[in-house]
Amino acid sequence: MKIKKTYSYALWSALYLTLLTVVIAALSYCFFSKHIGIGSVLFSIAILFVISFFIIQYRTEHFIYRRLKKIYEDVSILDVNDLRRDSVTTDIDKLSKRMQRFVEGKRLEIKSLTERDSFRRDFLGNVAHELKTPLFTVQGYILTLIEGAVNDKEIRTKYLERANKGVERLVAVIKDLDMIAKLENDGMKLNKDVFNILELVQNVFDMFEMRAKKRNITLKFDRIHEFPVFVKGDAEKIEQVLINLIVNSIKYGKPNGTTIVAIESYNEAKFIVKTIDNGEGIKPQHLSRLFERFYRVDQSRSREQGGSGLGLSIVKHIIEAHNETILLKSTYGEGSEFSFTLEKPK
């Protein structure tokens with residue numbers, strides 16, 4: 001059976017001390033046998049104590065040094081050249097602190113990898129589900145046409161229109177996935193310039209005026225602005241943010257409701273742009289996850305309304321690429337307010 005290293009250390013130390021004691025006793029007997037007294041005994045004890053102290057100290061340093069050296073050699077973050085034999089006590093304390101930092105770093109790394117793996121599984125499941133639904137829909141309509149429905153002009157037209165909607169949904173999902181991938185892998189190249197945010201918002205209002213009218217939703221500013229409001233940013237990307245937020249407010253707003261855009265001074269260096277609706281609102285348990293990819297508050301209703309499920313995630317990426325902040329306030333049953341900051345031009 002393998003002897004524990006501490007026992008081996010203690011055994012050899014005891015052996016050395018025993019041999020030393022025997023040698024000192026023999027010498028004492030030889031030289032002081034005729035004149036042994038209390039002084040001689042005390043002198044022998046003192047000599048034994050001093051020599052034992054240095055032996056134990058040397059053995060302890062040697063024992064610890066070898067163990068520390070092996071740890072330094074085994075752990076990649078530690079440099080064995082940092083270890084000095086004459087300061088192993090200090091090095092133990094240093095090693096303990098460095099190992100604590102190493103272990104904490106590894107713990108956080110493992111936690112991050114676990115979260116990423118979980119996120120990857122959820123993401124792949126969501127992508128598969130988002131693509132599968134319109135694909136099966138399109139396939140169903142095409143198979144029906146192939147089986148004979150193509151000869152009926154009315155059915156053919158209706159089914160082709162529905163198949164086209166499924167394809168449009170697929171295209172939207174793939175385009176948004178492509179944008180997300182570019183944002184995360186390559187970063188976002190911004191063409192920052194000064195532009196009139198009021199004009200940009202009005203363009204988005206005009207773009208979705210017909211869609212809003214279908215649900216009797218009014219798109220408007222919170223007040224009449226007498227002068228332009230200039231901000232600094234990538235106008236094309238900020239337009240994408242406004243499109244996603246306004247489209248969401250139309251989708252989930254109440255019929256006969258309103259979507260209001262307000263632009264206010266946030267501080268000396270920033271404006272804040274708010275998109276406010278009086279729709280159904282969001283329950284508190286969903287707020288923290290709303291900007292996750294494919295996260296939907298109401299799965300069935302969200303898919304009826306269309307969209308890729310990536311809109312808010314894209315919004316978050318664009319705003320963060322500008323080093324700005326996006327905020328969300330919502331009261332369930334009353335409405336939601338999405339807001340983001342933009343830089344004031346100097």
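This is a predicted model: local features need pLDDT of at least 70, side-chain atom pairs count only at pLDDT 80 or more; totals for chains, interfaces and linings use all residues.
Local features were taken only where pLDDT is at least 70 and side-chain atom pairs only at pLDDT 80 or more, while totals for chains, interfaces and linings use all residues. Residues are numbered from 1 along each chain as its sequence is written, and side-chain values use heavy atoms, with hydrogens and water left out.

The chain contains 10 helices and 7 strands; these are DSSP runs numbered from the N terminus, with helices being H or I of at least four residues and strands being E of at least two. Of its 346 residues, 33% are buried, where buried means under 20% relative accessible area, exposed over 50%, and partly exposed in between, with a 1.4 Å probe and protein chains only. The accessible surface is about 22300 Å², and carbon and sulfur atoms account for 58% of this area. Accessible areas come from the Shrake-Rupley method with a 1.4 Å probe, and for residues only the protein chains shown count as cover. Among contacts (heavy atoms within 4.5 Å) with a separation of 6 or more, 71% are between residues 24 or more positions apart.

A nonpolar core is defined as a set of buried Ala, Val, Leu, Ile, Met, Phe, Trp, Tyr and Cys residues joined through side-chain atoms within 4.5 Å. The largest such core has 42 residues, of which I197, I238, L242, I263, V273 and F340 touch the most other members. Two or more residues each are supplied by α4 (153–185), α5 (197–207), β2 (218–221), α7 (235–252), β4 (258–265), β5 (270–277), α10 (311–321) and β7 (335–343). The most is given by α7, with 8 residues. Leaving out residues up to four places away in sequence, I263 touches I197, L198, F221, D222, R223, H225, V229, F271, I272 and V273. A second, separate core has 6 residues, including V138, L145, A149 and A163.

Strands β4 and β5 run antiparallel and are joined by 7 bridges, with a hairpin of 4 residues between them. S265 has F271 of β5 as its bridge partner. On β5, 6 of the 8 residues are buried, and the strand is mostly covered. This strand also pairs with β7 in the antiparallel sense, over 8 bridges, and D277 is the bridge partner of S336 in β7. Strand β6 (residues 326–331) is antiparallel to β7 and is joined to β7 by 6 bridges, with S330 standing opposite S336. The hairpin of β6 and β7 has 3 residues between the strands, and G333 takes a positive phi near 90° in this hairpin. Within α10, the buried residues include G311, L312, S313, I314, V315, I318 and I319. Just after this helix, N323 adopts a positive phi of about 60°.

Rings of Phe, Tyr and Trp (its six-membered ring) pair if their centres lie within 6.5 Å, with planes under 30 degrees apart counted as stacked, over 60 as edge-to-face and the rest as tilted. The count by this rule is 2 aromatic pairs. For Y141 and Y159, the ring centres are 5.0 Å apart and the planes stand at 50°, so the pair is tilted. Y141 belongs to helix α3 (residues 88–146) and Y159 to helix α4, so the pair ties together parts 18 residues apart in sequence. Both Y141 and Y159 are buried. In a contact of another kind, a charge sits over a ring if NZ of Lys or CZ of Arg is within 6 Å of the ring centre and within 35 degrees of the ring normal. The charged end of K344 sits over the ring of F271, 4.9 Å from the ring centre.

Two further residues were considered individually. V229 is located in the loop between β2 and β3 (230–233) and is buried, at 11% relative accessibility. Apart from neighbours within four places in sequence, V229 is in contact with F195, N196, I197, L198, I263 and F271. The C-alpha atoms of V229 and E264 are 9.4 Å apart, with 35 residues separating the two in sequence. D206 lies in helix α5 and is partly exposed, with a relative accessible area of 45%. From D206 to L219, 13 residues apart along the chain, the C-alpha separation is 9.1 Å.

Notes: Two strands pair if DSSP finds at least two bridges between them.
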